[in-house]
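Open the model in your viewer and keep the selection tool at hand. The tour below moves from stop to stop.

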Amino acid sequence: MTAQSTQPAAQRLTGGATTAERRDDLVLAAVGISKQFGGLAALRNVDLQIPAGGIVSLIGPNGAGKTTFFNIVAGIFEPTRGTIRVDGTPLIGPPLRAWLEPIIWVGPALLIVLIGWLLNLATGTPTAPQGRPQTAAEAVSGGAVWFEIGILVGLGVLIISLLLAIIRPPWYRRAIGRLGIFKSAQPHHMVRAGIGRTFQNIRLFQNMTALENVQVGMHLKLESTPVDALISSRRQEREEEASRVRAGELMRMVGLPGREDELARNLPYGDQRRLELARALANDPKLLLLDEPTAGMNPNETAEMTALIGRLRRELGVGILLIEHDMHVVMGISDRITVLDHGEQIAEGTPEEIRRNPKVIEAYLGAPE
Ligand SMILES: Nc1ncnc2c1ncn2[C@@H]1O[C@H](COP(=O)(O)OP(=O)(O)OP(=O)(O)O)[C@@H](O)[C@H]1O
Ligand SMILES: [Mg+2]
């Protein structure tokens with residue numbers, strides 16, 4: 001599972017992926033992830049794979065780099081080195097040939113202007129009879145307008161190129177990928193790719209109702225536009241109703257029936273954690289990133305949350321990457337565990353293997369005198 005990769009990034013992002021990265025059943029394949037914050041190496045060459053429906057835990061002492069790894073998978077930090085594939089698609093990695101992309105935006109427009117200018121030269125600039133300005137017909141027949149036409153069309157092409165660069169539809173990203181241009185996906189691309197997450201410190205919309213918090217998690221799936229909202233169109237009403245129903249189902253699934261209309265800030269702490277989980281599920285993710293979901297919970301709440309995570313995997317088939325300090329939770333629920341210490345991956349294996357690993361014991365308890 002810890003396939004060390006020495007391939008250059010370009011090779012790994014294009015044709016030369018390792019067998020591990022190419023395994024079809026992997027919902028997440030992170031290879032050789034390093035992250036440098038100035039002089040601090042927060043992660044060094046970390047590999048992690050999660051098969052569809054698998055639960056993999058990331059453990060390690062405080063400051064080991066767990067949340068940093070999460071933030072890289074979520075598209076918030078760009079790794080200094082290494083690549084991440086979601087469902088086989090490379091989404092995160094250091095930029096490749098990024099300098100080429102601006103040339104693609106302005107190149108065609110400049111070419112059109114140049115062609116207009118050359119046509120002008122070829123057809124000759126007409127001269128108006130002495131004493132009066134040239135008429136439009138004279139200009140057209142003499143070819144003087146080619147340059148102006150070139151500028152107008154070029155401007156149009158430039159605007160379209162820049163719009164494409166902002167919107168970045170999938171076919172555009174595929175096309176620039178074929179040219180070897182690669183840029184890491186942004187957080188909203190990662191959500192679209194099927195990643196949901198919760199945060200180490202709860203980040204709910206405190207002044208919205210519980211149900212509204214879950215509905216917010218569905219916004220990428222909604223097709224209604226602001227205009228639909230303004231005129232309360234049928235599409236808007238239909239989607240609003242469907243999202244209310246689905247959000248209600250998710251709230252029941254995480255154990256919050258009947259709490260839909262309460263403000264998020266009025267929910268008890270354990271319920272706020274459940275609500276965050278419901279919001280993360282709202283986009284029907286293939287992979288859930290849970291950063292210390294039982295932090296601050298009492299033993300009862302912890303046991304319930306652990307059972308819930310297991311149920312989500314069974315019922316929704318969602319893969320889960322779990323950061324957790326509670327070893328009962330980690331050992332009881334994980335298929336495999338990766339251990340970090342000071343950014344270094346010191347162990348990887350089944351819960352039983354990790355429990356007996358001397359390096360892990362040393363990282364948690366310190367070396368014997
Ligand atoms: N944005 C940042 N800028 C600079 N340093 C950072 C940044 N984020 C994290 N770090 C540093 O990187 C290291 C790893 O931090 P990280 O939050 O990933 O640890 P962690 O394993 O999640 O710890 P904990 O168990 O306490 O949550 C720490 O030394 C931290 O101070
Ligand atoms: Mg953390």
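A polar contact is a pair of N or O atoms within 3.5 Å. With that in mind, start at the ligand; note that this is a predicted model.

**Stop 1: ligand 1**

Select G65 together with ligand 1. A backbone N or O atom of G65 lies 3.0 Å from an oxygen atom of the ligand. An N or O atom of the K66 side chain is 2.8 Å from an oxygen atom of ligand 1. Which residues come nearest to ligand 1? Of the 14 residues around it, they are G63, K66, T67, T68 and Q200.

**Stop 2: the aromatic pairs**

The structure holds two aromatic pairs. For the pair at F37 and F77, show both rings. Their centres are 5.3 Å apart and their planes stand at 80 degrees; over 60 counts as edge-to-face, so this pair is edge-to-face. F37 sits in strand β1, whereas F77 sits in the loop between α3 (66-73) and β4 (81-86), so the pair ties together parts 40 residues apart in sequence. Colour by accessibility. F37 is partly exposed at 35%, and F77 is partly exposed at 28%.

Go on to W171 and Y172. This aromatic pair is also edge-to-face, with 6.4 Å from centre to centre and 85 degrees between the planes. Buried or partly exposed: what is Y172? Y172 is buried, with a relative accessible area of 6%. W171, at 49%, counts as partly exposed.

**Stop 3: S34**

Return to strand β1, residues 26-37, and select S34. Its relative accessibility is 7%; the cut-off for buried is under 20%, so S34 counts as buried. A polar atom of its side chain lies 3.0 Å from the backbone nitrogen of N45. Show the surroundings. Beyond its neighbours within four places in sequence, S34 is in contact with L43, R44, N45, P79, T80 and R81.

**Stop 4: S184**

Select S184, in the loop between α7 (170-178) and α8 (187-192). S184 is buried too, at 11% relative accessibility. Look at its side chain. One polar atom there lies 2.6 Å from the backbone oxygen of G93. The S184 side chain also makes a polar contact with the side chain of E78, at 3.3 Å. Leaving aside neighbours within four places in sequence, the contacts of S184 are E78, P79, L91, I92 and G93. P79 is on the contact list of S34 as well.

**Stop 5: helix α13**

Select residues 299-316. This is helix α13, with 18 residues. From first C-alpha to last it reaches 25 Å, close to the 26 Å expected at 1.5 Å a residue. Inspect the N-terminal end. N298 caps α13 there, with a side-chain oxygen 3.1 Å from the backbone nitrogen of N300. Then go to G317, just after the helix, which takes a positive phi of about 65 degrees.

Which residues of α13 are buried? They are T302, M305, T306, L308, I309, G310 and L312. Show what surrounds them. The buried residues of α13 pack against strands β3 (55-59), β7 (287-291) and β8 (319-323). They also pack against helices α11 (234-253), α12 (269-281) and α14 (327-333).

**Last stop: confidence**

Colour the chain by pLDDT. The mean is 85, and 87% of the residues reach 70 or more. Finish at residues 1-21. Here pLDDT stays under 50, and the model has 45 contacts beyond four places in sequence for this stretch.

Note on methods: Residues numbered from 1 in each chain as written. Chains lettered and ligands numbered in written order. Heavy atoms only, no water. pLDDT = per-residue confidence, 0-100. Contact = heavy atoms within 4.5 Å. Helix = DSSP H or I, 4+ residues; strand = E, 2+ residues; numbered from the N terminus. Expected span 1.5 Å × (residues − 1). Buried < 20%, exposed > 50% of the residue type's maximum accessible area, 1.4 Å probe, protein only. Polar contact = N/O pair within 3.5 Å; in protein donor to acceptor, adjacent residues only side chain to side chain. Phe/Tyr/Trp six-rings, centres within 6.5 Å; stacked < 30°, edge-to-face > 60°. Near = heavy atom within 4 Å.
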